[in-house]
Structure formats: C-alpha cells, structure tokens
Amino acid sequence: MASPLFGKWKLEKSENFDEYMKKVGVNIALRKVGAMVSSTSEITDEGGNKVRINTQSTFKSTNRIFPIGEEIEEQRMDGQNVKTTTVWEGNNKLHQIQLWDNRKAVQDWIYEDGKLILRLECEGVVCTRINTRCE
C-alpha cells in the first residue's frame, strides 16, 4: 500500500512530552535527555504486510519492523519491554498499542496537512509530536 506516511521525517515540535514520559514510567534522567534530543523517523513499506519505523536521535535509536495486525515483543527506547500491535487505520494512519505490566499506551502515526503527527497517549496524558518531511 502506498501511504503518505512513507518517507523520512524530522521532529520540529513536541507538546507535553515530559508528562507523557513520566506517565509511562521513564525516569527523570532519561526524561531530561529525551526532552533535549532531536530525531528523524523513516517509515517504509517492507512488503509482506510489514512496516519499518526507523527512528534515529542524537541519544538513542530504534529500527523495527512491525508485521501489521500481529503482536510482537519489543523494547522501547527507555528500556521497557512491551508487546506492540500495529494496524493501519485507512491510508494515513498507523495505530500502535503497547501493553506492559497491565498498562497500555497508544501511538498514532498520522499524516495530516503535509506533516507527520505522532500522537502518544497513556492513561489520559496526551503528547503531540509534529514532524516535517525531510528533503
């Protein structure tokens, strides 16, 4: 499937990121570093109903392939082990659910108005991270 989400994106603005990180259990030292780093994310179609999300930052990076509709075990950038399920919601949105220790977080990768909006939510705390396409 061709999606406008596919491509390379640079983080431009982040709202409520510290509160979100606090809610998912990230310690103060990692939160301080996380608030200062810049990042790029590249989303690619890997074929076979799989999507790769490669996020590179000046502190930590991840490069994972997510089979659509299947639960996988992964380790988040903060070191927390989670079970993640990724599904398409239309052509413009990847919806991810992360489960750990009877907790749940949602990550939505949304293409909107030429931007990539990463919406993070955990137990009522919402963070919005706005990315622009890299040239």
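Trainee: Which residues of α1 are buried?

Mentor: Some ground rules come before that. This is a predicted model, in which local features need pLDDT of at least 70 and side-chain atom pairs count only at pLDDT 80 or more, while totals for chains, interfaces and linings use all residues. Residues are numbered from 1 along each chain as its sequence is written, and side-chain values use heavy atoms, with hydrogens and water left out. Helices (H or I, at least four residues) and strands (E, at least two) are DSSP runs, numbered from the N terminus. Buried means under 20% relative accessible area, exposed over 50%, and partly exposed in between (1.4 Å probe, protein chains only). In α1, the buried residues are Phe 17, Tyr 20, Met 21 and Val 24.

Trainee: Why do they line one face of the helix?

Mentor: An α-helix has 3.6 residues a turn, so residues three or four places apart point the same way. Here the buried residues of α1 fall within an arc of 95° seen down its axis, so they line one face. The arc is that of the directions from the helix axis to the C-beta atoms.

Trainee: What do the buried residues of α1 pack against?

Mentor: Contact means heavy atoms within 4.5 Å. The buried residues of α1 pack against α2 and the strands β1 (7–15), β7, β8 (103–112), β9 (115–122) and β10 (125–133).

Trainee: How is the crossing of α1 and α2 described?

Mentor: Two packed helices are described by the angle between their axes and the distance between the axes. Axes are lines fitted to C-alpha atoms, for helices over the stretch in contact, and angles run from 0 to 180 degrees between N-to-C directions. The axes of α1 (residues 17–24) and α2 (residues 28–36) come within 10 Å and cross at roughly 150°. From α1, Phe 17, Asp 18, Met 21 and Lys 22 meet Arg 31, Gly 34 and Ala 35 of α2. The residues of this contact divide into 3 nonpolar, 1 polar and 3 charged. In that count Ala, Val, Leu, Ile, Met, Phe, Trp, Tyr, Cys and Pro are nonpolar, Asp, Glu, Lys and Arg charged, and the others, Gly among them, polar.

Trainee: Where is Trp 9, and is it buried or exposed?

Mentor: Trp 9 is in strand β1 and counts as buried, at 0% relative accessibility. Trp 9 and Leu 116 are 107 residues apart in sequence, yet 7.2 Å apart in space, C-alpha to C-alpha. The side chain of Trp 9 also reaches the backbone oxygen of Leu 5 at 2.9 Å.

Trainee: Which side chain does that of Gln 96 join in a polar contact?

Mentor: A polar contact is a pair of N or O atoms within 3.5 Å; within protein, one must be able to donate a hydrogen and the other to accept it, and residues adjacent in sequence count only if both atoms are side-chain atoms. The side chain of Gln 96 joins that of Trp 109 at 2.8 Å. Gln 96 is in strand β7 (residues 93–100) and is buried, with a relative accessible area of 3%.

Trainee: Where is Ser 61 found?

Mentor: Ser 61 is in the loop between β3 (50–57) and β4 (62–67). At 37% relative accessibility, Ser 61 counts as partly exposed. Its side chain makes a polar contact of 3.1 Å with the side chain of Gln 56 and reaches the backbone nitrogen of Ser 57 at 3.3 Å.
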